[in-house]
Amino acid sequence: MWLPMPLERIPCRLPAGNDFYQDVAMATAKPLALSQLYKACKASDFPFRTTKDCKPFNDFLGQERAKEAVAMAVALPHDGYNIFAVGTSGLGKRTMIKRLLTEVAGKRSAPSDWCYVNNFAEPRYPIALQFPAGMGPEIKRDMAKLWRDMSMAVVSAFDSEQYFERMETLKGELTRAQQEALSSLAGEGEKKGVKLVLRTPGGYGFSPMNDQGEVMSVDAFNQLAKKEQERLKRVMGDMETRLRKVARGLNQAEEQNRDKVRQLNDEVTSRAITPHLDKVRSKYKAHPKFLEYIAAYDKDVIDNVDLILNTQEAQQDVVATVSTENVNSIPSRYQVNVVVTNDPTLGAPVVFEDLPTHYNLMGHVEQVTYMGTVATDFTLIRAGALHRANGGYLMLEAEQVLEQPYAWQGLKRALRSKSLKLSSLEQMLTLTGTISLEPDGIPFNLKVVLLGDRETFYLLQQFDPELGEFFKMRADFENVMPRTVASELKYAHFLADFVQKEELLPLDKGAVMRLVEEASRDAEDQEKLSLHAASVGDLLREANYWAQQDKAKLIRNTHIQAALDGQDRRHERLRNLYMEEIAKGTQLFTGEGEMVGQVNGLTVVQYADAEFGMPSRISVTAHFGHGEITDIEREIDLGGAIHSKGVLILSSYLKTLFGAERALRFAANIAFEQSYGGVDGDSASLGELCGLLSAIAKLPVRQHIAITGSMNQFGEVQPIGGVNEKIEGFYAACRLKNLKGPQAVIIPVQNVRHLMLREEVLAAVKSKQFVIYAVSRVEEAVELLMGMPAGKADKDGMFPENSVFGKVAARMAVWHQAEKDDEEDDEKGTDSKVIVPLAQKQARATRRR
């Protein structure tokens, strides 16, 4: 099955022919020397045996600009000097910045601890208390111990004989007062013939009394004379009135007695808890706000002493029942919620939040559900990353922050207000009337570091004008650094640091040199080194695996090569499918012989993390026309804008070269054969021009030479990308076809410094089975591909007859003459003596249209 092959956006290359060295003698471009195809390290530049001899390099490797920005932002105490670290993923931005921040943070004092306690007057507004670093957990322990000690002291005090005696005295006073008042009233009633009796449930009342002093029955009362009955009723009414007055007096006495009992309980409670509270006051006398809380705590304990005496009531606290903070059955109202604590020996905190939701950043108040009841209190306040990093440094991935609803807005709000206030997303997003807590805000002072790629930074800068207000410092991380003897040695120290940190086997000198060369290949530049730490880290771990399989004590060059081969094998499935199509002949490829209007172009196929080079046939046809060049890919919407631009540029070049004095009378069609995916990039424009010249002049193109390169309107060849992959892809296709060689590739001269080819290609060049040319102008490429001088116009603008441009001009002259003949025929009309066959006339009319 053929898979679509998208043309790479940057470069192209081509193969060479059979009479190769005869071609070389004719062409102005010379083959590149073996030393130009790969820049190897010199062993003398690495004065060590293994990385054990290297001091680990834990600084910003090749990132001096970024390091300066980070160091300056950290040192500036002013608002807004937060950091946006910009760079490609995998450069090690987080590792380098965190290492620097940790070093700086270790020299700073640890920030304060923060606790939330109950606001006894307004429970909805918990109080925030600030303590020196590390003191928060100690406060929590001391307050828990205070509760336990107070509880035991209060229980003991209320179980004492003295307390019981005083309570009995108060109860006796009330009982005597009640008895005296009721006895006096009962005596008066008996003198008048009525008796005080207890009516259940109505309380006391008066009833008629007989001579024996007992309550008169209803029948007996009915047998009395009417006058006596009326007297007794009047007496009972009068005594009931007096009884109500006495009852009111007894109620007041009971209230007074209860007040005395309350005063007694308060006195006993105060006497029991004061010594313990005084210890706490004495220990924390340097914290006046905490002493204010202790005063309120003291009063609340006295007012709610039943929470100590009645454990069953204490258990009815919903939050205390469910919350994991309910240690040793301490009622939640008396607990201390330590939301932030810092180790005083570690300096300022450095926090990385990998899931920056609004809650994880800003903190939140949890809720508990118990038996259908939803409740919350200050013990369920949870700190966010901003709380934990307060007084230090917070690192966030910019893209992750932007993905989370309201996280970016919450971060900006905190930076603007310099205060951490908890807010409920439920209240922000809904219209429910749920009441939540509004805790005190905590003063906010930290440096925020956002990590992101350039696209994220530019988009955020474009759509959020406040970015520059809050993130004034941009730390720009480079992808590469210059390759010098000094930088190679730094890179070796960087490798030493990595293997030490990852606890890998040491590297010998050969492995270090190979890794430096591989970094240069990743950078696609002999004079640069890639700074992509993630890829070299993966390579080192895999090389360590192969070394362990060999039971080696050092990672050597062979282990590095085994790791590279393993990576190629894991990613070569798609490449093998392409190669299989070439081997079967399904994908047409010719690496020898000559063909008119057919050029071997080069492309880079990119799918996800797979990237490899492949040959791609470019075909061109030319015929009589009016100078139009049809880009077939563009016509069917498979060609991108950059590719179309390349076609227009080569069209402009041709018109300038051959049509300066008169309009060109040709038309051409350019296509990438068997291309079923998108085609973009201008790296094939040089090959397309050569194919077009071949089609016009009917000169064959050597199929053993592949070509890649861009060009401008003046015939200058411009550099492309992916040059190593393209050359290696063409070499692989030629080897698959068992071509005897030599084959060749033409590349722009600017790409020579980008060459870091694999060993198999270098071996083929060394054995003269493969050649690479570098050209700077179109004429050089034309001569190499067609085996004929390109030709230089004389003072009259005429090209030599035996040159490529001369033959192109001659063919165009034929088409121009045909156009002129058509015009003359039209002028002569039907009376002309020249007889033109009907078919010819129709063909000419078609050409004119």
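## Salt bridges in a predicted model

Arginine 570 and glutamate 542 form a salt bridge, with their closest N and O atoms 2.9 Å apart. (A salt bridge here is a side-chain nitrogen of Lys or Arg within 4 Å of a carboxyl oxygen of Asp or Glu.) Arginine 570 sits in helix 22 (residues 557–571) and glutamate 542 in helix 21 (residues 533–549), so the pair ties together parts 28 residues apart in sequence. Helices (H or I, at least four residues) and strands (E, at least two) are DSSP runs, numbered from the N terminus.

A quick word on the ground rules: this is a predicted model, where local features need pLDDT of at least 70, side-chain atom pairs count only at pLDDT 80 or more, and totals for chains, interfaces and linings use all residues. Residues are numbered from 1 along each chain as its sequence is written, and side-chain values use heavy atoms, leaving out hydrogens and water.

By the salt-bridge rule, the count comes to 34. One of them joins arginine 99 and aspartate 497 at 3.4 Å, N to O. Arginine 99 belongs to helix 3 (residues 93–106) and aspartate 497 to helix 19 (residues 485–501), so this pair ties together parts 398 residues apart in sequence.

How open are these two pairs? Buried means under 20% relative accessible area, exposed over 50%, and partly exposed in between (1.4 Å probe, protein chains only).

| Residue | Relative accessible area | Class |
|---|---|---|
| Arginine 570 | 51% | exposed |
| Glutamate 542 | 21% | partly exposed |
| Arginine 99 | 27% | partly exposed |
| Aspartate 497 | 11% | buried |
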